[in-house]
Amino acid sequence: MRFAAIPLLASLGGLAAVPLTPVAPPTSAELLGFTPASSQVERQWEAKFDALPNPARMRADMQHLSARPHNVGSPYDHENAEWLLQQFKDAGWDAHIERFEVLFPTPKERKLELVAPTQFTASLRETPVAGDPTSSQTDEQLPTYNAYSADGDVTGPLVYVNYGIPADYDSLARRGVSVKGAIVIARYGGSWRGIKPKVAAEHGAIGCIIYSDPRDDGYADGSVFPAGPMRPSQGVQRGSVADMPVYPGDPLTPGVGATKDAKRLSLKDAKTLTKIPVLPISYGDAQPFLSALTGPIAPESWRGGLPITYRLGPGAARVHLVVKSNWDIKPIYDVIGTMRGSTAPDEWVVRGNHHDAWVNGADDPIAGQVALLEEMRALGTLAKQGWKPKRTIIYAAWDGEEPGLLGSTEWAETHADELAKHAVAYLNSDTNGRGYLGIEGSHVLERFINGVARDITDPETGVSAERRLRARRIASTSGTARTEARTRRDLHIGALGSGSDYTAFLQHLGIPSVNLGYGGEDEGGVYHSIYDDFYWYTHFSDTSFVYGRALAQTAGTAVMRLADADVLPYDYTDLAETVQRYVSELQTLATNEADEATERNMELRDSTFTVINDPHDPLLPPPAEATVPHLEFAALQNAADSLTRASRRYDAAFARAIEGGGASFSAANAQLIHSEHLLTSDAGLPNRSWFKHLLYAPGYYTGYGVKTIPGVREAIEQHEWSLANQQIERVAAALNAEAALVDEVAGTLSR
Ligand SMILES: [Zn+2]
């Protein structure tokens with residue numbers, strides 16, 4: 001995830017003109033969940049920790065870990081795991097490798113050619129770049145492909161489908177363009193890439209090509225590699241196209257760990273493989289295909305940065321696409337290090353970042369992995385100096401993230417029962433670069449992680465990471481969002497969709513999770529290509545590794561606080577506020593859908609579409625809509641109100657207990673540990689029972705992007721009204737149970 005860059009001076013200028021109202025209490029040295037005395041002790045250890053992460057060592061570690069391609073199944077992937085294990089052991093951790101056996105297809109045959117009206121064969125190759133030493137390691141590089149594409153050999157007319165999301169097919173239909181029996185060409189962006197072949201197949205397409213348009217991460221944004229950081233004409237984005245919104249992890253072992261003897265589905269029964277063959281290409285390869293299209297001109301927002309007229313097709317252009325894979329089972333190696341807690345060893349804080357890459361992967365994932373390593377070493381050093389975390393800390397370097405969150409998902413599924421009982425939080429990172437702290441996660445941790453961000457110094461400006469993020473929000477928003485950025489105690493954190501290793505912990509097991517990373521001032525276009533390497537990173541991203549150090553300080557501080565807090569630092573006021581906001585968003589969404597359906601039907605009846613039609617660029621009228629009923633939101637509103645009231649009682653009891661100290665803390669923790677789990681449902685979401693969280697899920701048709709209160713929201717979006725009402729009941733019941741627990745803990749803390 002990358003933020004749009006905002007010039008630094010503009011945001012600081014905004015601050016100078018309007019002084020920031022003091023909303024956060026940096027006046028108090030007390031940490032959330034700590035008594036005054038234990039806050040002091042904690043701060044002393046944190047000061048020691050803060051000084052330890054070392055940018056020079058991060059640079060050296062990145063050079064080592066990204067020295068060769070290290071995709072799943074490669075020799076260097078295994079070598080890296082063994083090397084990482086040794087780093088854990090050297091730092092004094094109790095560490096081991098946990099191995100799983102996963103389905104990991106690799107290319108056997110790939111072919112893409114234009115067969116009419118002219119002949120062109122795509123190169124499907126990224127060329128080495130002079131001066132970038134690892135780009136020439138062609139023997140070890142995985143060819144450009146999309147993992148978990150179906151095998152196929154298809155020929156058909158070509159149609160351009162923009163991002164290939166459902167709304168794009170509605171537009172095509174109004175222009176009279178069908179993709180039935182066609183091969184579609186979609187550009188990257190707008191959704192998780194696996195959505196593109198899924199939606200294409202739902203509309204009857206027989207093949208799917210995905211290309212990187214230069215408007216999105218190529219020359220439209222800056223100089224291309226090696227002159228600059230952006231995607232060169234031959235750069236290809238590899239990546240998985242598994243249907244991860246159904247379930248991530250090994251396609252053959254949904255819901256259970258992919259251990260050696262696990263029961264496996266046969267290939268034909270694996271639900272997450274694509275139905276049609278898919279292949280990614282560069283914009284160099286894409287241009288001849290897109291130029292060959294005839295038919296209607298593409299809508300303005302669909303046009304990319306190539307020097308051509310973007311058309312939709314179909315026309316005379318015919319394409320031949322062949323994709324065949326070796327469907328092998330490959331080993332993956334998770335490196336797991338444990339530091340046992342002193343007084344609450346059965347409460348676990350889990351921290352992870354993946355180590356596998358598509359190729360050399362300096363940014364994705366080594367930039368995050370080297371920060372994790374420095375945290376791990378620093379905590380090891382503190383332990384040698386006498387620091388004894390109350391809770392158990394588990395550090396994990398995951399394998400197999402790129403193909404489908406394999407290492408984290410299989411580990412979480414294998415240890416599901418223990419994790420559900422013991423895990424108090426999961427902290428994730430992945431890529432890292434220059435810029436602003438990005439925070440997304442469970443809203444019970446919103447207040448906690450804001451507190452951490454207030455205590456981390458931004459390396460470029462010297463202000464806190466939280467102050468910098470707040471200034472940027474003030475400078476870049478308006479209305480309520482800006483008022484809140486100025487005055488709300490805690491900055492809102494985004495909800496988690498999917499796209500990295502927190503997914504199994506949060507969405508399958510209901511463990512409070514946070515994803516952290518710096519970025520936004522590090523534009524680049526080498527994602528999942530051979531050019532994401534040490535040369536690129538040390539020329540164009542966090543070249544001095546000071547943001548690597550900031551990430552280590554941020555995540556490490558969060559781990560320490562979670563491990564040492566007297567009372568688990570969950571906060572229900574921010575959660576309740578967030579739930580209230582989601583509920584009112586859903587009501588607005590339902591009202592808008594009803595209004596739009598009424599309006600559309602009226603315009604169909606009075607022939608508006610026919611009267612405005614331009615016969616030279618004709619648009620068919622959209623289909624009529626069924627009448628939208630009123631939904632029964634009362635149960636959800638009442639449950640949200642109960643949670644709000646409970647959160648207030650909890651806040652008061654929490655404050656008194658922290659002042660009074662002691663007796664009730666461990667009983668309260670034993671109750672609190674289940675609170676996020678109450679926001680899940682064993683039955684899971686409609687059509688995808690693996691996803692159990694009722695507040696957060698990746699969108700069924702967006703993939704990375706989160707859908708909040710997804711059962712209700714997606715039912716409204718899909719116009720499944722009785723399902724929406726059922727889901728409202730289910731979410732209301734979970735929120736009522738949550739409110740009851742929060743009340744109960746308030747009682748415990750008042751004893
Ligand atoms: Zn990654």
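Along the chain, the donors of the zinc ion follow the spacing H-x9-D-x65-D. H354 belongs to strand β10 (residues 344-354) and D364 to helix α9, so the pair ties together parts that are 10 residues apart in sequence. This is a predicted model, in which local features need pLDDT of at least 70 and side-chain atom pairs count only at pLDDT 80 or more, while totals for chains, interfaces and linings use all residues. Numbering starts from 1 along each chain as its sequence is written, and side-chain values use heavy atoms, with hydrogens and water left out.

The protein donors of the zinc ion are H354 (NE2), D364 (OD), D430 (OD) and D430 (OD), at 1.9 to 2.6 Å from the ion. Donors are N, O and S atoms within 2.8 Å of the metal (3.2 Å for Na, K and Ca); water is not among the atoms, so sites may look incomplete. Angles among the 4 donor atoms run from 53 to 145°, and the site is irregular. Irregular means anything other than tetrahedral (four donors, all angles between 85 and 135 degrees), or square planar (four) and octahedral (six), where opposite donors are over 155 degrees apart and all others between 65 and 115.

Helix α9 (residues 362-384) also packs against helix α2 (residues 36-50), at an angle of about 130° and with the axes 10 Å apart. Helices are DSSP runs of H or I with at least four residues, and strands are runs of E with at least two, numbered from the N terminus. Axes are lines fitted to C-alpha atoms, for helices over the stretch in contact, and angles run from 0 to 180 degrees between N-to-C directions. In α2, W45, K48 and F49 meet E375, A378, L379 and L382 of α9, where contact means heavy atoms within 4.5 Å.
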